[in-house]
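Dear colleague,

I am passing on the structure below, together with notes on what was found in it. Please read the notes with the coordinates open beside them.

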Amino acid sequence: SLGAGVACLMNIMAHHDKLLPGHIKVECMAYAPPPVFSPLSAAKEAVATTTAFVHNMDVVPSLSVASIRRLLSAVNALDDCIRNLPIKDRNLWRLRLMMGAITPSQKMLDIIQSSKEEALDHMEGAPLLVIPAQTLVWIENTTSDNDDDDNDTFAVKNLDPESYARRLIDIDSRMIGDHVPALYEKSFKYVADHE
């Protein structure tokens with residue numbers, strides 16, 4: 001992940017600063033890269049030669065100061081809603097909500113949705129960073145929760161890196177585990193065998 005972010009930046013430097021002779025073509029394949037650059041228009045040539053890969057719910061390709069600010073804004077808005085509920089033990093209620101034992105109300109879902117769409121105020125040092133790639137290949141695990149992990153199935157979707165950078169971080173039990181290289185390899189093997 002960190003190496004993928006560095007590879008993206010080195011690719012930009014190689015193209016922008018003409019570090020290699022013109023007859024040498026450089027392409028960058030970035031696996032689980034964090035968002036490290038903005039705006040993409042400032043590095044068109046390098047971006048055109050980069051493909052980034054994201055496995056399922058891996059959180060690292062979503063992590064930037066701007067995305068954390070957006071997530072905290074959503075959490076604070078949701079917490080304000082919970083604070084106004086007539087509940088005796090709010091901490092227990094919050095825990096049960098996070099564990100899926102309680103279904104969120106429509107008002108809570110609306111708060112989360114509006115947080116996804118809400119523009120954040122500009123903050124010095126917190127630009128909206130993007131994965132500098134022409135294509136972001138998202139490999140989604142399409143296996144149902146009841147299926148055996150040995151029989152995972154995957155689907156490939158090409159996403160726009162700038163749209164991907166604007167989305168709210170998904171809080172999911174798989175967000176850390178899906179960053180493991182072995183799961184990337186497993187999904188690549190499935191796609192290679194089935195496409």
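**Overall make-up**

The secondary structure of the protein comes to seven helices and four strands, where helices (H or I, at least four residues) and strands (E, at least two) are DSSP runs numbered from the N terminus. This is a predicted model, in which local features need pLDDT of at least 70 and side-chain atom pairs count only at pLDDT 80 or more, whereas totals for chains, interfaces and linings use all residues. Residues are numbered from 1 along each chain as its sequence is written, and side-chain values use heavy atoms, with hydrogens and water left out.

Along the sequence the elements follow the pattern α-β-α-β-α-α-α-β-β-α-α, and the C-alpha atoms fill a box of roughly 70 × 45 × 20 Å, taken along the principal axes. Of the 195 residues in the protein, 37% are buried; buried here means under 20% relative accessible area, exposed means over 50%, and partly exposed lies in between, with a 1.4 Å probe and protein chains only. Among the contacts with a separation of 6 or more, 73% come from residues 24 or more positions apart, a contact being heavy atoms within 4.5 Å.

**The sheet and its helices**

The four strands form an open sheet in the order β1-β2-β3-β4, with mixed pairing; two strands count as paired if DSSP finds at least two bridges between them. Its edge strands are β1 (28-31) and β4 (154-159), each of which pairs on one side only. Neighbouring strands of this sheet are turned by 20° against each other on average, direction ignored, with axes taken as lines fitted to C-alpha atoms (for helices over the stretch in contact) and angles running from 0 to 180 degrees between N-to-C directions.

β1 pairs with β2 (residues 50-55) in the parallel sense over four bridges; in β2, the bridge partner of C28 is T50, that of M29 is T51, and Y31 stands opposite F53. Helix α1 (residues 2-16) packs on the sheet, touching β1 and β2, and its direction makes about 155° with that of β1. Helix α7 (residues 181-194) also packs on the sheet, where it touches β1, β2, β3 (135-141) and β4, and its direction makes about 110° with that of β2.

β2 and β3 run parallel and are joined by five bridges, with T51 standing opposite T135 in β3. β2 is mostly covered, since five of its six residues are buried, while β1 has a covered face, C28 and A30, and an uncovered one, M29 and Y31.

**Nonpolar cores**

The largest nonpolar core has 13 residues, and those with the most contacts inside it are A30, A52, V54, I131 and L136; such a core is a set of buried Ala, Val, Leu, Ile, Met, Phe, Trp, Tyr and Cys residues joined through side-chain atoms within 4.5 Å. To this core α1, β1, β2 and β3 each supply at least two residues. Apart from it lies another core, of nine residues, among them L78, I82, L97 and I111. Leaving aside its neighbours within four places in sequence, L136 is in contact with A52, V54, I131, K157, N158, L159, P161 and Y164.

**The largest pocket**

The largest pocket has a volume of about 820 Å³. On a 1 Å grid over the protein atoms alone, a pocket is an open set of points where a 1.4 Å probe fits, with protein on both sides within 12 Å along at least five of seven lines, and lining residues have an atom within 4 Å of a point. Grid points are joined across faces, edges and corners, and the volume is the space filled by probe spheres set on the points. Of the 24 residues that line this pocket, the closest to its centre are L78, L97, M98, I112 and I171. α3 (65-83), α4 (90-98) and α5 (106-117) each supply at least two lining residues, and the largest share, six residues, comes from α3.

**Backbone details to check**

A cis peptide bond joins S38 and P39, with omega about -5°, and P39 is found in the loop between β1 and α2 (44-48). Two residues other than glycine have positive phi: K18, near 50°, and N56, about 50°.
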